Amino acid sequence: MTQFVESTVKFPYKRSLGPVIGEFMNGLANMRFVGIRSGDRVIVPPLEWDPDTGEELSREYVTVGPAGTVTAWCWVEQPTEAHPLDRPFAFALITLDGADTSLLHAVEADGIDGMSVGMRVAPRWKAERTGHITDVDAFVPGEDPVVPDGDLGPPEEPVTMMSYNASVTYSVPVTAYESNVRVANEEHRLFGLRCPVCGRIYTGGKGYCPIDAVAFTDDDEVDLPQTGTITNFTIITPVQYPGQTETEPFPRVFVLLDGFDVVLGYQPLVDCANEDIHVGIRVSARWVTDDDGVVMVWSPNGEDDVSDPELVNRIN
Amino acid sequence: MPTKDQIAIIGWSVSPMVRHTDKTEVQLLLDVITGAVEDAGISRADLDFTCAGSCDYVAGQAFSFVQNIDAIGAWPPKRDSHVEMDGAWALYEAWIRLQLGDIDVALATGSGRSSTAAPSSIYPMEMDPYYLAPLGADAVTLAALQARVLLDAGKTSERQMAEIAARNRSDAKSNPHAQVTGDFDVDGLLAEEYVRAPLRRHDLPPISDGAAAVIIARGDRAADLCEHPVWITGFAHCSESHYPGMRDLRQAGSATAAAAAAGIGDGPIDVAELQAAFTHEEPLLVEALGLSDEVSINPSGGPLAANPIMATGLVRVAEAARQIRDGGKHRTLAHATSGPCLQQNLVCILEGAS
Amino acid sequence: MSTMPCAIVGIGQTHHKSRRWDVSLGGLVREAALRALEDAQMDWGDIDAVVLGKAPDLFEGVMKPELYLTDALGATGKPMFRVHTAGSVGGTTGIVGAHLVESGRHRNVLSVAYQKQSEGNAQFALGSGRGASIGAGGAFAPYMRSYIYRTGAPSDIGPMVAVKDRLNALKNPYAHLKLADITIESVKASPMMWDPVHYLESCPSSDGACAVVFTDQAGGDAAAAAGRPPAWILGSAVRSEPSQFPGRDPVAPQGAADCSAEVFRHAGITRPLEQIDCAELYVPFSWYEPMWLEGHHITDFGQGWRMVERGDTQLGGSFPVNMSGGVLSSNPIGASGLLRFAEAALQVRGMAGEHQVDGAKVAVAQAYGAAAQYFSMWVVASSLDPFA
């Protein structure tokens, strides 16, 4: 039975608006819709360029709306977290009065039967506005904007940036081979897969040989020793970012396994001061448990160094 | 514009299409590349150029395509490229590359495991980052808006959409690579709830994991390698502006333009494989491409039967080629699309030997 | 090859900075594109096709941005294409654009590459959001250690490159880093980031874009006749190889050697150091300058660091490298490859201003990506037959 591993890739992006989108967003913060003129047309929402020709637009802004006409709509019966409302609503294309293009936004009507092409809608503004497309809480049927009680007004400074909190959760199937690796880790075993065509041995998640484009089977399994020699290394000074787990400089070493033409790359090393790491140190595997389960790390095993400077070239 | 050298499709392979594969994307590609080179009667060593189509966000990892090179067997190193687009555009890049005249055989692939994340969480991220993404406006929402426009313009009806759903899934019964197949009663479909009114579940494509590989060869080499080369006689793509409120959603102008540039008017089309992932897109595209009632549309079942995003378009090419090589047809069309409401369209016209 | 000639007649780039918060995404790419169009004396309507390239979309959190940027780049009603080959992508963006002309498919093509990485975080994106990301520097540091050992290069060579490129950048109005006070000592005193690479030996994280306009022979000849000499493409090549297999050499990769062998063959180059006047090579960490000089067989094994030590690769030397300041001075990742290609073209057009190599007629540009496994290169010249 296939198992799945879940991971969420999330990041708080910050986008600079530039002059035109900035004008529109500041308009929203001030409960106003701003379009930009392009020839005979008023483009809403405004772009820095004409959408058909790409020509740069002179910054002639035109206030449009606040009310407009719905030209198309669809009904969202089950909103997701990404949606602007947490109860059923419509997404609609709305041609604001004075605009020649239509704006996409949410409409909160009285159920799906409250929506129709041609209906008139007006914005319901949020009390706290940040210069963001969601400063409009939603459009509602009618001609008149709805201003909330306790309107906090626009931000003190004109807005130049917006935030976008992206979050995507992936549920990825664990392959049979990856499951075998997990079981082996738990049993403190290291194994590789030998390509039946070229004889090279692969570790670390590859279930195939990239030279011969051959997928491996259980018959290709080879037990590997848990001792080896450091061939190359680096010490990384961590940079902070959302999701970073390290705070101190940490090493990653390359280990050439005893008796096999196998180099394990970018391995964690413990029990060794960073300044003492060098090519030729003899190491043995140790098994530790962390958030990912049982994982292999390496540590010096006290044997005499191997004095072969050519080892440094064994990166693969 | 005529091609300096005729380029032909000489082999292909399409993976099984499933809701949840337990294979990695590399594995999917390994299988279809092996299948394609075997179909073409060549080996990986014969590939002079390879181009892959795939998407980091679908894979959930930056540089996800890098490990996909492993499926090519790129040793000795290969001339190779990658597009963050459907494999149909990877094929376009390969087709252009072969026309430079110094190499003869190229591979294009498309792959993706859409099952790994909810489309509603990913696809807003391909929309306008200031005005659309923050509203969570995703592909289904935008498709539904276009469907409303087409319904109101009288260009389709909910009944016609349900008929299209039923026909595609019924035709898909004879396609071993299809995922959603079967006989569906149109009235029964129309009685179902809306998912994103006016779209019902049957109007939407399935979520599919899959891959495809297509091999092309140039001129004499194509004829040497293959008894029944399928000649690419026209290949073009075209884009429209992005924001849906600034476009005329009753038309697919860039599809018309791409088809014209690909020479659609040069002769009759027997079969069209269209990347119409939503039912209402089929009549829109049929009209935009000027296809007559005689043209058989999506005999494979199309994306309504299997929608391996980043490969769906390339699968249309393979299916259109199949109709010629294995189906005895003479001139077929494959279409691919990208972006909200058919923003970008690609047309590939194929012919058998005359 | 039976390709049709392809000329570069327009080049534009943004002012590269750590944060271009004065512009939107569209504004960033248009700044470069408008400069290129102006240089080419064309407007949007003259362009037949657009090719967009950039590195992972996780950097900005905008997926498939060619969709949003279609109209921003004047591609409404035209074919719009998006390539992504890791760090080499900028090069590929140029090569794919050029192919559209060389195949006779289109007449005027615009290639644009960019990265607006200040909107996200480069280390986050490189590690796909997971902890303990080793970053590009961490990945390459062992390769550099191996190079230093196998060639016996003195430890000052890396710092020498770091100083050279930043001093060159002072002559490039678009470059990001302006480190007028940089010295070998200050480089060696800067924090060790990925042993053996110091902070000042590594590239910045930049927002920026680059744009190039390609045209056919008639267009190139017309530009020349109008006093706007183009750069002509003598050849281009790409190679990819697998990331890892026992016995793979990522220090002097086979793909690097094969890529340069092919492009030199197309360009008629048999003696690179003599026939090529200057180079723009993708050097994000200082040691990559001697590594690529050797890896691409511009010079022999072990001679790359000697060229650096002798000053050959200085702006006034016998084989200038990275006259623009290179990736070490400006690194909008997706654009960096196209910047190399564009800077090489500027040189042979005589348009590199203060960082111009006198009399440059033939230049090579290179970009690489991922685990030193993607390569793209081109050779450009002031005429189609510079060795005649």
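# Exercises on a predicted model

Ile148(C) touches Ala153(C), Pro196(C) and Trp287(C), with residues up to four places away in sequence not counted; contact means heavy atoms within 4.5 Å. This is a predicted model, in which local features need pLDDT of at least 70 and side-chain atom pairs count only at pLDDT 80 or more, while totals for chains, interfaces and linings use all residues. Residues are numbered from 1 along each chain as its sequence is written, chains are lettered from A in the order in which they are written, and side-chain values use heavy atoms, without hydrogens and water.

**Exercise 1.** State the confidence of the model and of chain C.

Step 1. The model has an ipTM of 0.97 and a pTM of 0.97.
Step 2. pLDDT is the predictor's confidence in each residue, from 0 to 100. For chain C the average is 96, and 99% of the residues score at least 70.

**Exercise 2.** Find the helix that holds Ile148(C), then give the distance from Ile148(C) to Leu52(C).

Step 1. Ile148(C) lies in helix α4 (residues 135-151) of chain C. Helices (H or I, at least four residues) and strands (E, at least two) are DSSP runs, numbered from the N terminus.
Step 2. Between Ile148(C) and Leu52(C) there are 37 Å in space, C-alpha to C-alpha, and the two are 96 residues apart in sequence.

**Exercise 3.** Explain why helix α11 (residues 281-288) of chain B is described as largely enclosed.

Step 1. Buried means under 20% relative accessible area (1.4 Å probe, protein chains only). In α11(B), the buried residues are Glu281(B), Glu282(B), Pro283(B), Leu284(B), Leu285(B) and Ala288(B).
Step 2. Because six of its eight residues are buried, α11(B) is largely enclosed by the rest of the structure.
Step 3. The packing partners of these buried residues in chain B are α6 (139-152), α7 (158-171), α10 (253-261), β10 (296-297), β11 (331-338) and β12 (344-351).

**Exercise 4.** Describe how helix α2 (residues 89-102) and helix α13 (residues 333-348) of chain C cross.

Step 1. Their axes, lines fitted to C-alpha atoms over the stretch in contact, come within 5 Å and cross at roughly 55°.
Step 2. α2(C) and α13(C) are therefore oblique to each other, since angles under 35 degrees count as roughly parallel, over 145 as roughly antiparallel, 65 to 115 as roughly perpendicular and the rest as oblique.
Step 3. Val89(C), Gly90(C), Gly91(C), Gly94(C) and Ile95(C) of α2(C) meet Gly334(C), Gly337(C), Leu338(C) and Phe341(C) of α13(C).

Definitions and conventions
Buried < 20%, exposed > 50% of the residue type's maximum accessible area, 1.4 Å probe, protein only. Axes fitted to C-alpha atoms, helices over the stretch in contact; angles between N-to-C directions.
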